[in-house]
Amino acid sequence: MSDPALDALMLPFASGQLAWPEAGALFLRARGGTALHAHAPRSLACEQSFRPEYDALGRAGFDVRAGGEDRFPLVLVLPPRQRDEARALLAQALARSLPGGCIVAAMPNDAGARTGQADFEALLGPANVQSKHKCRVFRAQVDGADAALAAAWSALDAPRPILGGRHVSRPGVFAWDRVDAASALLARHLPVTLAGHGADLGAGWGYLSDQVLARCPRVTSLDVVEAELRALDCARANLAAHAPRVALDFLWHDVAAGLPRRYDFIVSNPPFHALRGEPRPDIGRAFIAAAADALRDGGELWLVANRQLPYEQALAGRFPQVREVAGEGGFKVIHAVKGR
């Protein structure tokens, strides 16, 4: 799959302008791809909080990690579009750099490269800039960095109160500062009769899980399943008030790889875009297949999706009972029951 930002990030190494230091290098928000496999050593420390990419990097033989504090003479980073998240990531790159080290970043032109470069230079000073693959790649030494600005930007990634202080979230998490309209629609149509051991697939910062636990007194345990570790940490905080009554487990897991447990019910607002933003309705179909395999006979799936997403065939192939419960604002709520 094409990844222009990764191609641009590897450009200084492919052209011989930069060499990989013997003391090692760090890649924050790392992701795999042809350019990385061709130009980076497998000893490259790759940090990634999104489980599918984490697993793929591990399978490719890279030194993959969920986080860390060790410092390196070279740090690579692919800043995201969300500006607070990107600024916090640049501050993290600086904190993880050794004195005299170098930071290299790349962004697509249509995903804020101009703004990203301005922030990069505000933090680190004038950068060496190249343009290729409709992206910008910029690099600078860290010795002239603005320490006060770095401290301020580091705080931008901390979980913060949202929705009047009822929950916490952080920039870059899906619908990070609001209740997603599709999830709200599903929550309004969940029956209070849900009971037993359930799961929320793709739980984000925990809104749907919170609604299930608040509305359904017969739920005894709930698995909160989320691929993005930064979101799962927020969900853990948001659901702590339910822990005295319900057994909660928080699974950092790629749902598309299948589920390790069996459930009485599952709720889900599946993602339909991949990490790089491209449409991926196959992810939703993989969620449906995983739910069908994990539900016990008679188990219920409650799912919400954009109306145009073609999930009906996948549902009909795995569930004998499927009905649309509601449709509103371009979304549909579907109830499916597993049977023999």
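**Reading the sheet**

Visitor: In what order do the 7 strands of the open sheet run?
Guide: In general, strands of a sheet pair through backbone hydrogen bonds, either parallel or antiparallel. Here the order is 12-11-10-13-14-16-15, with mixed pairing; strands are DSSP E runs of at least two residues, helices H or I runs of at least four, numbered from the N terminus, and two strands pair if DSSP finds at least two bridges between them. Strand 12 (247-252) and strand 15 (321-328) are the edges, each pairing on one side only.
Guide: A quick note: this is a predicted model, where local features need pLDDT of at least 70, side-chain atom pairs count only at pLDDT 80 or more, and totals for chains, interfaces and linings use all residues. Residues are numbered from 1 along each chain as its sequence is written, and side-chain values use heavy atoms, leaving out hydrogens and water.

Visitor: Which strand does strand 10 run parallel to?
Guide: Strand 10 (residues 196-201) is joined by 4 bridges to strand 13 (residues 263-268), and G198 stands opposite F265 there.

Visitor: What does helix 9 touch on the sheet?
Guide: Helix 9 (residues 207-215) touches strand 10, strand 11 (219-226), strand 12 and strand 13; contact means heavy atoms within 4.5 Å.

Visitor: Which residues of helix 6 are buried?
Guide: Buried means under 20% relative accessible area, exposed over 50%, partly exposed in between (1.4 Å probe, protein chains only). In helix 6, that's A113, G116, Q117, D119, F120, L123 and L124. They cover an arc of only 165 degrees around the axis (using directions from the axis to the C-beta atoms), so they sit on the same side of helix 6.

Technical notes. Axes are lines fitted to C-alpha atoms, for helices over the stretch in contact, and angles run from 0 to 180 degrees between N-to-C directions.
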